Amino acid sequence: MELFTEGDPIADTKAPDGPIEKRWDTRRFEAKLVNPANRRKMTVIVVGTGLAGGSAAATLAEQGYHVKSYCYQDSPRRAHSIAAQGGINAAKNYRNDGDSVHRLFYDTVKGGDFRSRESNVHRLAEVSVNIIDQCVAQGVPFAREYGGLLDTRSFGGAQVQRTFYARGQTGQQLLLGAYQALERQIGLGNVEMNARHEMLELVIVDGKARGIVVRDLVTGEISTEMADAVVLASGGYGNVFYLSTNAKGCNVTATWRAHRKGAYFANPCYTQIHPTCIPVSGDHQSKLTLMSESLRNDGRVWVPKAKGDDRNPRDIPEDERDYYLERIYPSFGNLVPRDIASRAAKNVCDEGRGVGPTKLGVYLDFADAIGRLGRPAIEAKYGNLFEMYERITGEDPYEVPMRIYPAVHYTMGGLWVDYDLQSSIPGLFVIGEANFSDHGANRLGASALMQGLADGYFVLPTTIANYLASGPLDKVDASHPAAVEARTDVEDRIQRLLAVNGDRTVDSFHRELGQIMWEHCGMERSDAGLRKAIGEIRDLRESFWQRVKVSGTGEELNQSLEKAGRVADFFELAELMCIDALHREESCGGHFRAEHQTPDGEAQRDDDRFAYVAAWEFTATGEPSVLHKEDLKFEYVHPTQRSYK
Ligand SMILES: Cc1cc2nc3c(=O)[nH]c(=O)nc-3n(C[C@H](O)[C@H](O)[C@H](O)COP(=O)(O)OP(=O)(O)OC[C@H]3O[C@@H](n4cnc5c(N)ncnc54)[C@H](O)[C@@H]3O)c2cc1C
């Protein structure tokens with residue numbers, strides 16, 4: 001059977017023409033407005049309370065819309081964004097080190113290996129400066145220098161210091177800012193907060209997104225919620241790999257359900273493998289832990305020069321160490337982008353120079369920095385990360401180098417959106433990690449928080465108004481046939497999962513799926529491996545629907561049922577990821593095809609054939625997806641072979 005068919009090309013019709021630095025202004029001016037009295041009559045559903053969803057819900061409510069907000073955690077402030085450690089980029093140029101909006105734009109387009117849209121990225125760079133002002137005004141405790149000015153540090157893929165941070169807890173502090181703004185609106189009655197509710201279906205009426213079907217995770221009650229527009233801010237799908245740095249609950253269900261209802265899924269194969277994570281230590285693990293990229297500001301990455309050198313790292317003399325990033329990439333050194341650092345770590349381990357019990361590890365060493373700056377300075381910058389490392393590994397990183405290895409961390413793919421962040425379904429907007437929009441084939445460090453907050457505080461509130469102003473939409477309620485059908489689908493699916501009553505746990509299927517994905521659609525992909533993976537995924541999915549054991553009922557708190565629904569969606573996504581990776585016969589960013597590399601082992605793009613966004617349309621279960629190509633045009637940053645040497 002053919003794996004996919006090709007449909008008509010698509011285009012982003014919302015980004016204005018003209019000089020790039022004027023486009024967002026132009027769009028904002030041209031976008032229609034909704035007057036304050038009418039806003040009160042309109043309801044917007046926001047799924048997700050992370051940085052993207054939390055900031056969007058608070059801002060929309062502040063503007064006067066009625067907002068219904070959903071998350072599956074017990075509190076909106078426990079969204080996965082809370083885990084973000086290292087920082088958030090902004091082109092403030094406080095350091096006077098040559099930064100500018102244009103440079104952030106340039107670094108991001110180049111960092112994404114020329115697979116993102118210039119207009120979107122430029123807007124992101126422009127808005128970045130507003131985010132810092134907004135968050136400072138909210139009281140977010142960014143790190144400050146001795147004199148009281150905001151401090152910054154370096155992140156990968158940049159030669160300026162533009163990353164604002166709050167120790168190793170930047171996500172938590174930013175999320176508290178968004179959360180307090182959200183709570184204020186909840187208190188005022190403008191936001192209806194529904195924690196512990198999971199969206200399981202999208203409701204489409206007359207071709208427009210008009211609602212969602214949710215399950216109360218505590219009581220199991222299913223309800224249908226209607227609105228004038230729906231915003232998905234449901235995060236990324238890295239957990240398809242089972243082991244990742246993401247929170248255990250992260251999943252693809254909200255976006256996948258929307259995809260099955262017609263929203264195109266863009267670039268699903270673009271996955272970010274983060275170079276600095278605590279290595280896998282055995283098969284008992286259900287999650288991996290990130291050691292923030294910020295550590296590469298002061299930590300030096302190395303392995304022994306000799307294969308199989310088992311000596312204690314402190315006994316290996318300087319001239320027998322290979323600081324391979326500094327050697328291969330002298331201008332960026334330890335701060336090369338993540339895709340490059342991850343592949344380099346894999347290469348030295350493949351050569352037999354890996355360290356630690358599994359030999360899948362490299363050292364991240366702070367001895368120089370501690371010698372230069374003193375232990376208190378290192379403690380002040382990274383104290384909580386060092387403590388976390390010691391608690392997990394039992395080793396003191398002030399004394400011995402950390403051991404790190406790449407792990408799945410972030411997904412650049414997501415639902416396709418236009419410049420307005422609207423998906424291919426009118427009235428369905430997608431923001432934050434859930435969309436595909438700004439990072440191309442590789443996201444630079446500290447730019448996910450920037451994108452989530454840009455989308456939520458600044459972009460969506462303008463563009464969604466343009467959509468809502470085209471109303472008024474017909475009044476519809478949960479008795480509409482389309483809403484009833486969506487609800488029935490959810491109920492049937494839950495019954496189907498419960499009815500299998502097999503002999504294997506959901507986790508065992510998830511773990512096996514993750515192994516297939518890591519092996520064949522992880523750091524390196526090949527034609528043969530991807531074809532093999534597609535076959536294995538299909539077989540495993542079939543076995544899942546025959547053998548999975550979901551105990552309990554649907555009318556109670558049932559985590560096994562929650563997981564089963566999510567893993568069922570991961571199976572379908574995994575297949576599409578492999579098909580996307582197979583069709584993209586080039587290497588770019590995080591997508592490294594073994595057949596397409598430069599003589600020195602770097603990613604070899606093929607701009608003539610693949611300078612496009614791959615937007616996939618769902619047809620029917622078991623039928624091939626349809627590929628729609630959106631050509632990428634580069635007027636300001638000319639695509640070149642990326643070099644960080
Ligand atoms: C360990 C770690 C450290 C990181 N550090 C950084 C960093 O320093 N800088 C940086 O820029 N980026 C960092 N990132 C990436 C960044 O944290 C994420 O990309 C970003 O926080 C995602 O935000 P979001 O709002 O899009 O989604 P999330 O924060 O993942 O929020 C998703 C929300 O959607 C809800 N949800 C999902 N599905 C459903 C459903 N079906 N029904 C109802 N609700 C649903 C969840 O409950 C949650 O509220 C890090 C990531 C990790 C894993």
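I call a pair of N or O atoms within 3.5 Å a polar contact; within protein, one must be able to donate a hydrogen and the other to accept it, and residues adjacent in sequence count only if both atoms are side-chain atoms. I note that the model is predicted, that local features need pLDDT of at least 70 and side-chain atom pairs pLDDT 80 or more, and that totals for chains, interfaces and linings use all residues. Residues are numbered from 1 along each chain as its sequence is written, and side-chain values use heavy atoms, with hydrogens and water left out.

**Entry 1: ligand**

A polar backbone atom of Ala-448 is 3.0 Å from an oxygen atom of the ligand. For Ala-52, a polar backbone atom is also 3.0 Å from a ligand oxygen.

I then checked the cover. The ligand taken alone exposes 1000 Å², and the protein buries 98% of that (Shrake-Rupley method, 1.4 Å probe).

Helices (H or I, at least four residues) and strands (E, at least two) are DSSP runs, numbered from the N terminus. I found that α3 (51–63), β8 (197–205), β17 (402–411) and α12 (448–468) each give two or more residues to the shell around the ligand. β8 gives the most, with three residues.

In total 37 residues surround the ligand, and Gln-73, Ser-81, Gly-86, Met-199 and Glu-433 are the closest (near is a heavy atom within 4 Å).

**Entry 2: cavities**

A cavity is a set of points on a 1 Å grid over the protein atoms alone where a 1.4 Å probe fits but cannot get out; lining residues have an atom within 4 Å of a point. I counted six cavities of 30 Å³ or more in the whole structure.

Which element gives the most to the lining of the largest cavity? I found α9, with four residues. Among the lining residues are Arg-338, Asp-339 and Met-523.

**Entry 3: aromatic rings**

Rings of Phe, Tyr and Trp (its six-membered ring) pair if their centres lie within 6.5 Å; planes under 30 degrees apart count as stacked, over 60 as edge-to-face and the rest as tilted. I get 19 aromatic pairs. For Phe-366 and Phe-386 the ring centres are 4.8 Å apart and the planes at 65°, so this pair is edge-to-face.

Technical notes
1 Å grid on protein atoms, 1.4 Å probe; cavity = no way out; pocket = protein on both sides within 12 Å on 5 of 7 lines; lining within 4 Å. Points joined across faces, edges and corners; volume = space filled by probe spheres on them.
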